[in-house]
Amino acid sequence: MNESGCELLPWDSEFFGVRIARASGERADSVRVAAIREWCTAHQVDCLYFLASLDDPVTLAALCTPPFKLVDLRVTVACPIGDKSYEVPSSVVIREWQPRDLPHLRAIASSAYTDSRFYFDQRFERALCDKLYETWVEQSCRGQADFVLVAEHDQAAAGFVTGSLRGSAGEIGLIGVRAQLRGRGVGTALMQSALERLRLRGCTQVELVTQGRNIGAQRMYQRLGFVTQSIKLWFHGWFSQRGDSIG
Ligand SMILES: CC(C)(COP(=O)(O)OP(=O)(O)OC[C@H]1O[C@@H](n2cnc3c(N)ncnc32)[C@H](O)[C@@H]1OP(=O)(O)O)[C@@H](O)C(=O)NCCC(=O)NCCS
């Protein structure tokens, strides 16, 4: 790692069509920010991601200044899993994903995650932000997640949840419900099914990440027993004018 602690992100750069890098560590002072600027200029970086600690005033003073912009609070929540099984309401049909679901899952994903930092930033092309989540759900189905569960409504996918297990630690990746069907218990039923699946596989703790501005999702997780693990701050620093005209 170089002195500035930055590295280029080839996948993100290719996907968004701008040069993107990420800073390591969670702290910075004015000296480090100067080193980051120098590195970004030398490497023609358009956008730098910085995930910062919330509890260091020096870091906040260094990053709450152009070209950095606060774009999200990264909220990690966790839920212990015991012996008790999760009851899934029989009114919601939940099953494994099938290839015929993919167009529906892509459609749900491409419009569901407008609370994320990529949309909030407004310098990433909106169509590409939509495509990011379409790609994510598709890759989850193709094996990047251990399972993808689908809630069915009128013989089509109404929502989905992706999950993975590493040892006894479970993770929920993405959850989304078709906009017209939200607020009817589908999301909660998907979560209960995923938690039960993880429990039966020996999971003792499940984690997931959400956005500080996503109060609706947080309320759903809290009702299911999730509590806050950590809150960190996502900053994006734009070092070029690229992306200025998109939004
Ligand atoms: C979050 C989400 C999956 C919840 O699914 P849902 O089917 O609406 O959830 P439920 O009906 O089981 O309701 C659970 C809670 O979610 C809340 N909720 C969240 N978003 C909602 C929305 N757009 N419409 C209605 N209720 C919503 C409900 O208010 C309810 O909480 P409350 O009882 O305190 O009011 C769904 O709103 C969604 O797909 N949102 C967009 C994608 C997203 O934000 N995913 C989570 C990323 S971490």
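Here is a walk through the salt bridges of this predicted model. Residues are numbered from 1 along each chain as its sequence is written. Local features need pLDDT of at least 70, side-chain atom pairs count only at pLDDT 80 or more, and totals for chains, interfaces and linings use all residues, while side-chain values use heavy atoms, with hydrogens and water left out.

Let's begin with the rule: a salt bridge is a side-chain nitrogen of Lys or Arg within 4 Å of a carboxyl oxygen of Asp or Glu. By that rule, the count comes to twelve salt bridges.

One of them joins K232 to E26, at 2.7 Å from N to O. K232 sits in strand β10 (residues 227-238) and E26 in the loop between β2 (20-23) and α2 (30-42), so this pair ties together parts 206 residues apart in sequence. Helices (H or I, at least four residues) and strands (E, at least two) are DSSP runs, numbered from the N terminus. K232 is partly exposed at 22% relative accessible area, and E26 is partly exposed at 30%. Here buried means under 20% relative accessible area, exposed over 50%, and partly exposed in between (1.4 Å probe, protein chains only).

Next, look at E152 and R95, whose side chains meet at 2.6 Å, N to O, in a salt bridge. This pair links distant parts of the chain, with E152 in strand β6 (residues 147-153) and R95 in strand β5 (residues 93-96), 57 residues apart. R95 is buried, at 15%, whereas E152 is partly exposed, at 23%. Both belong to a network of salt bridges that links R95, R100, D101 and E152.
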